[in-house]
There are 2 protein chains.
Amino acid sequence: MKAAINLFGERGYENTSVSALAKAAGIGKGTIYSYFSSKNEILLAFCEEELAFVYKEIQSRLDPNASLADKMLLLLMSQFRFITRNKAFGRTLLREMTFPKEMTIDKSRKVEEKFLELFVTLLQEAQQNGELSQHLELTITGGHFYSLYLMALSAWYSGRLLTKEDVQETLELMIEQTLTGLIPREKNAS
Amino acid sequence: MKAAINLFGERGYENTSVSALAKAAGIGKGTIYSYFSSKNEILLAFCEEELAFVYKEIQSRLDPNASLADKMLLLLMSQFRFITRNKAFGRTLLREMTFPKEMTIDKSRKVEEKFLELFVTLLQEAQQNGELSQHLELTITGGHFYSLYLMALSAWYSGRLLTKEDVQETLELMIEQTLTGLIPREKNAS
DNA sequence: TTAAAATCTCGACCAGAGTCAATATTTGAA
DNA sequence: TTCAAATATTGACTCTGGTCGAGATTTTAA
């Protein structure tokens, strides 16, 4: 893991071969494969550590008095900025996290769960404030916001959204829409 | 392309090497790479044809009198069933479609655009029916439903949703939530 | 008709992910 | 202490995606 942190950080994920990793760690390549099932799983493990740190960051920045929409936007954008810090790196990670192979499902689930927890915490607070309907199943609702995050990332990687500002705007709009709904309301939301 | 359709269909994408493809097509491997920029792009081209067919299917099955929610569910589930017909195949395709490399962005955009069009068509109809707020930017709203689709697929590939029935239930709930919104309403929707 | 330029085709070659049988080390029972 | 069974380590090897320069083919224009 130390070798991974060094080399991935230095040359990036794609430009680091497993052999190089093994040499840097002073072990044989085969040994690596007896601890990780694939190169991607090393990446996942690497991110587990990084993400724990990012989550702490986010939680400390959350203004408890802000609206749910604002908090959600902060959460999504922080995560977005982290993951796209290095484009190729983020892509590989997202591919493996979002559509994992059987081989890496466990690790990927674990990382994802941590992320979903953040949503649920936020939503619980909002529900207590009355900002959110009481009858919602929060895991599902968490998934709902998670889906916006995936969408934004996909749009970014496909070039449909070009700048971080575009992403932020789109997310803002979608969060708003998610909260108020798409069908006509008799009363306008405040 | 003919060789691809045969071999991918027969042995699957992962088990078909580019060399095998070349041999089956009776051309050199290098020649393939002067028409496609990567193996994944062959997959994308392969799917362009398949998907056009699926879209026709879907549109013919849509009952014009059904509610937007029902139509949307049909659309998402049809697509879901198609893509997960072969798990590994779908995974590779989704990875490349959702988080494409610069190399394949064009192809992937093209395929995706066709898919998004379906959403927009549906939404336009709904807007005319008064089932949808007038002031919505439909591209964004289309993206909104697209995001639910991604989410469902991700949950399926991660094993958070295990059966197609789970997926359908979750999508149903989320579509409902998307339409009515998450914040409390004074009046219940009819 | 011809030959130079532009384009296309090819497969030997390279690099890197992942395998596996051989070897080294550790464990534990007598 | 001993040695056999269990476990861990290793790097040579395989397989495949992708590259590239050499050579074949087509186009163009005189």
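Trainee: What does the domain assignment of chain A give?

Mentor: Chain A is assigned domain 1, covering 1-35, and domain 2, covering 38-180. Keep in mind that the model is predicted.

Trainee: How many Å separate their centres?

Mentor: Taken over C-alpha atoms, the centres of domain 1 and domain 2 of chain A are 28 Å apart. In the contact, domain 1 of chain A takes part with 12 residues and domain 2 of chain A with 12 residues.

Trainee: And what area is buried between them?

Mentor: About 1,100 Å² between domain 1 and domain 2 of chain A, with carbon and sulfur atoms giving 71% of that.

Trainee: Which residues in domain 1 of chain A lose the most area to domain 2?

Mentor: Met1(A), Phe8(A) and Tyr13(A), which together make up 52% of what the domain 1 side buries.

Trainee: Switching to polar terms: how many salt bridges and polar contacts across the interface?

Mentor: The rule finds zero salt bridges between domain 1 and domain 2 of chain A. For polar contact it finds four residue pairs across that interface, both residues at pLDDT 80 or more.

Trainee: Which helices supply the domain 1 side?

Mentor: Helix 1 (2-11) and helix 2 (18-25) of chain A each supply at least two residues of the side that touches domain 2 of chain A. Helix 1 of chain A gives the most, with three residues.

Trainee: What about that side by class?

Mentor: The side of domain 1 of chain A that touches domain 2 has 10 nonpolar residues, one polar and one charged.

How values were computed:
Residues are numbered from 1 along each chain as its sequence is written. Chains are lettered from A and ligands numbered from 1 in the order in which they are written. This is a predicted model: local features need pLDDT of at least 70, side-chain atom pairs count only at pLDDT 80 or more; totals for chains, interfaces and linings use all residues. Side-chain values use heavy atoms; hydrogens and water are left out. Domain bounds come from an automatic or database domain assignment. Contact means heavy atoms within 4.5 Å. Buried area is the accessible area (1.4 Å probe) that two parts lose on being put together, summed over both. A salt bridge is a side-chain nitrogen of Lys or Arg within 4 Å of a carboxyl oxygen of Asp or Glu. A polar contact is a pair of N or O atoms within 3.5 Å; within protein, one must be able to donate a hydrogen and the other to accept it, and residues adjacent in sequence count only if both atoms are side-chain atoms. Helices (H or I, at least four residues) and strands (E, at least two) are DSSP runs, numbered from the N terminus. Ala, Val, Leu, Ile, Met, Phe, Trp, Tyr, Cys and Pro count as nonpolar, Asp, Glu, Lys and Arg as charged, and the others, Gly among them, as polar.
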